[in-house]
Amino acid sequence: MFPASRYSCQARRCVRLLQKIKTEHATPQLYTTLHRRACSTVSTPRITTHYTIHPRDKDPRWEGVEMERFADEADVVIVGGGPAGLAAAIRLKQLANKHEKELRVCLVEKAPQIGAHTLSGACLEPSALTELIPDWKERGAPLNTPVTEDVFSILTEKYRIPVPMMPGLPMQNHGNYIVRMGNLVRWLGEQAEEVGVELYPGYAAAEVLFHEDGSVKGIATNDVGIAKDGSPKDIFERGMELHAKVTLFGEGCHGHLAKQLYKKFNLRENCEPQTYAIGLKELWMIDEKKWRPGRVEHSVGWPLDRNTYGGSFLYHLNEGEPLVALGFVVGLDYTNPYLSPFREFQRWKHHPFVAPTLEGGQRIAYGARALNEGGFQSVPKLTFPGGLLIGCSPGFMNVPKIKGTHTAMKSGMLAAEAIFPKLTAETLDSETAGLHVPEYAENLKNSWVWKELYAVRNIRPSFHNYFGLYGGMIYTGIFYWIFRGKEPWTLKHCGTDANQLKPAKECTPIEYPKPDGKISFDLLSSVALSGTNHEGDQPPHLTLKDDSIPVARNLGIYDGPEQRFCPAGVYEYVPLDTGDGMRLQINAQNCVHCKTCDIKDPSQNINWVVPEGGGGPAYNGM
């Protein structure tokens, strides 16, 4: 890979062995093992300094530092200020106010303002919102654009094949609204405060706390004032503890606390692995002559091949100016490590059916997030002593609808309705210190959420066939449109997304066109439009379990796929200062909190944790 004259003797021996292993078709696992053995004396630059990897009790720099935390008590603590968390908080206080009960509900959110980390398409089905706040129109909810036109297409490289939107198909949007989800979430925050919910934006929940009996006690917010090298600054302050009778975890897709809970309580024992997608989005101001408020466009096909799941959306908003929201979704079970979701998105915008809408317009915002796509098969156990999982954290997205807000909100409401009678009973009926509420899971299974997810359960996994996209569409037409998902079988997913990548030598590199700066753009100028900012002098929150694995395995076998699947330019491989190899550089300040790296890393070596509260993107109505 590099001129041999630039290597030290030890490094040359290492590279020769790696080349020999690749020639002899060794497995990735053997490749990594032999790399460590051969290169054990070659020093690996230290990348990770976070205390979750390097404990502070073993670091002499932390000797004598005051580590006691202030603790506060609430009846219910909710982690995450998205649609699910806010719906749960509002419903709890509605019930408390109706029955004249005192109930302290505290919600913590890592974004500096409610809605600032929220990103979604979004075409909203208003059913759950109407159940929660029946007079939402009178209260000024920002649902300004009812869907008036529904277009679906299969794209080839140069042409469009129209697909009729038959009544009953999951993609039909009659009665739905095009919304800017960040604005709706901000409005929900206002409604929550009106009914007495305590909101704490800018506080990231960094740790789950447990009682001595193992039940959840609450959460601790993140410490602040830690230098990039992991040492305490003069301004170091410990986070605070929030204790509760029951804690709701609504962190969104692939929440880092939920990951810990899955392991501690074995919540995924009886379900399929979760599978995901990455969604990238832009907001554009377009020529008013091309603006068609209420128009919804979806497409599948080009630029993705038939075996890569994904598609696009383009929504015309009606908010007083000619705005369109457009985006591209790629299933993270793709196999080619050379695929770049961001560059596929930029390429898609040049299609003859898409580009005319954007020509002469101006891009004003960009962002990205991961989406749950596992559906019914991948829903974990939802309750455990002291806590519940709600919203996109366990994953209630209806994939063929491309909608999850209505199901997320309903899950939060059902959680509140199950918790309230237990909290307000004369005696707490719980065998553990943290309240266990299994009734929530039963209520959910008896609700329209469960019926909806069950009916579409086979649509996403049906795409895993020889014909890929087209086989999946045929399956959907027969078994969903005709039989409404009543087939007597349930298809399985293909395993975790991290295990789907093929070695680079088995794949063809993808040549992407250069951005023209008018319709397509480079990555860094895109990230700048997300408003992303983090305190620079803090340990990178993209932590590595083993700093040697990126070069040894990800670069050696998969040609560094994190450089391509990250939508924010966080990861790049650069030459060592000594010139005798490469190292991974993590630009944590670019991170838009999408969690794709944690999901897709083929070595499962990246662990995303929360940075200091308030850091991250600053989305304005995304």
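This is a predicted model: local features need pLDDT of at least 70, side-chain atom pairs count only at pLDDT 80 or more; totals for chains, interfaces and linings use all residues.

User: Ok. Which domains is the protein divided into?

Analyst: Domain 1 covers 50-55 + 67-143 + 179-272 + 377-457, and domain 2 covers 522-608. These bounds come from an automatic or database domain assignment. The domain centres, taken over C-alpha atoms, are 28 Å apart.

User: What area is buried between domain 1 and domain 2?

Analyst: About 1300 Å². Carbon and sulfur atoms give 55% of that. On the domain 1 side, His50, Lys228 and His254 lose the most area to domain 2, together 38% of what that side buries.

User: And how many residues are in contact?

Analyst: 15 residues of domain 1 are in contact with 15 residues of domain 2. Contact means heavy atoms within 4.5 Å.

User: How many salt bridges are there between the two domains?

Analyst: Three. A salt bridge is a side-chain nitrogen of Lys or Arg within 4 Å of a carboxyl oxygen of Asp or Glu. Elsewhere in the list of pairs, Glu535 forms a salt bridge with Lys233, and their closest N and O atoms are 3.8 Å apart.

User: What kinds of residues does domain 1 use to touch domain 2?

Analyst: Four nonpolar, seven polar and four charged. Here Ala, Val, Leu, Ile, Met, Phe, Trp, Tyr, Cys and Pro count as nonpolar, Asp, Glu, Lys and Arg as charged, and the others, Gly among them, as polar.

User: Zooming out, how many salt bridges does a search of the whole structure find?

Analyst: 28. One of these pairs is Glu241 with Arg69, at 3.3 Å from N to O. Glu241 lies in strand 13 (residues 241-249) and Arg69 in the loop between helix 2 (28-38) and strand 1 (71-79), so the pair ties together parts that are 172 residues apart in sequence. Helices (H or I, at least four residues) and strands (E, at least two) are DSSP runs, numbered from the N terminus.

User: New topic. Where is the peptide bond cis?

Analyst: From Trp302 to Pro303, with omega near 10 degrees. Pro303 is in the loop between strand 15 (295-301) and strand 16 (310-316). The bond from Gly121 to Ala122 is also cis, with omega near 0 degrees. Ala122 sits in the loop between strand 2 (105-109) and strand 3 (123-124).

User: What about His593, is its phi positive or negative?

Analyst: Positive, about 65 degrees, although His593 is not a glycine. His593 is in the loop between strand 23 (582-586) and helix 16 (596-600).

How values were computed:
Residues are numbered from 1 along each chain as its sequence is written. Side-chain values use heavy atoms; hydrogens and water are left out. Buried area is the accessible area (1.4 Å probe) that two parts lose on being put together, summed over both.
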